[in-house]
Amino acid sequence: NYDTPAQAQARAMAECRKHATDCKVYVNFNRNCISIARGNTSSGGWAFGWAMGYTNEERPERALNECAHQNGNACRVLNQFCSGQ
């Protein structure tokens, strides 16, 4: 819920850098909902998946599937939120 994409990206990067060094913005969105999932990889890293749009029931499932597709094990939904009105 920022006024410009640049403001949103700056905040996203600042929040990510609290936990990681390889942060990257994948998409900006407004007036939409997103689910984010994370799992472990066999190499000791993290796998992520996200889904935007879809129904409240389908969105988290798609995020989990994308996490698994990125070689994630024991993927779980970390966060779900909507932007805008």
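A charge sits over a ring if NZ of Lys or CZ of Arg is within 6 Å of the ring centre and within 35 degrees of the ring normal. Keep that handy for the first exercise.

Before you start: this is a predicted model, where local features need pLDDT of at least 70, side-chain atom pairs count only at pLDDT 80 or more, and totals for chains, interfaces and linings use all residues. Residues are numbered from 1 along each chain as its sequence is written, and side-chain values use heavy atoms, with hydrogens and water left out.

**Exercise 1.** Find the residue that lies over the face of Trp 46.

*Solution.* Go to the ring of Trp 46 and look over its face: there you meet Arg 38, at 3.8 Å from the ring centre.

**Exercise 2.** Work out how the bonded cysteines pair up along the chain.

*Solution.* 
- Step 1: look for disulfides, meaning pairs of cysteine sulfur atoms within 2.5 Å. The count comes to three.
- Step 2: take Cys 16 and Cys 23, whose sulfurs sit 2.1 Å apart. The angle about their S-S bond is -90 degrees, so this link is left-handed. Cys 16 is partly exposed because its value is 29%, while Cys 23, at 16%, is buried.
- Step 3: move on to Cys 33 and Cys 82, with 1.9 Å between the sulfur atoms. Here the S-S angle is 100 degrees and the link is right-handed. This pair ties together distant parts of the chain, 49 residues apart: Cys 33 is in strand β1 (residues 33-40) and Cys 82 in strand β3. Strands (E, at least two residues) and helices (H or I, at least four) are DSSP runs, numbered from the N terminus.
- Step 4: finish with Cys 67 and Cys 75, S to S 2.1 Å. This link is left-handed, at -80 degrees, and Cys 67 is buried because its relative accessibility is 0%.
- Step 5: number the bonded cysteines in sequence order, and you get 1-2, 3-6, 4-5.

**Exercise 3.** Say where Asn 71 lies and whether Ala 74 counts as buried or exposed.

*Solution.* Most residues other than glycine have a negative phi. Asn 71 isn't a glycine, yet its phi is positive, about 70 degrees. Asn 71 sits in the loop between α2 (58-69) and β3 (73-82), and it counts as exposed because its relative accessibility is 58%. Ala 74, also not a glycine, has a positive phi of about 50 degrees. You'll find Ala 74 in strand β3, and at 68% relative accessibility Ala 74 counts as exposed.

Terms used
Buried means under 20% relative accessible area, exposed over 50%, partly exposed in between (1.4 Å probe, protein chains only).
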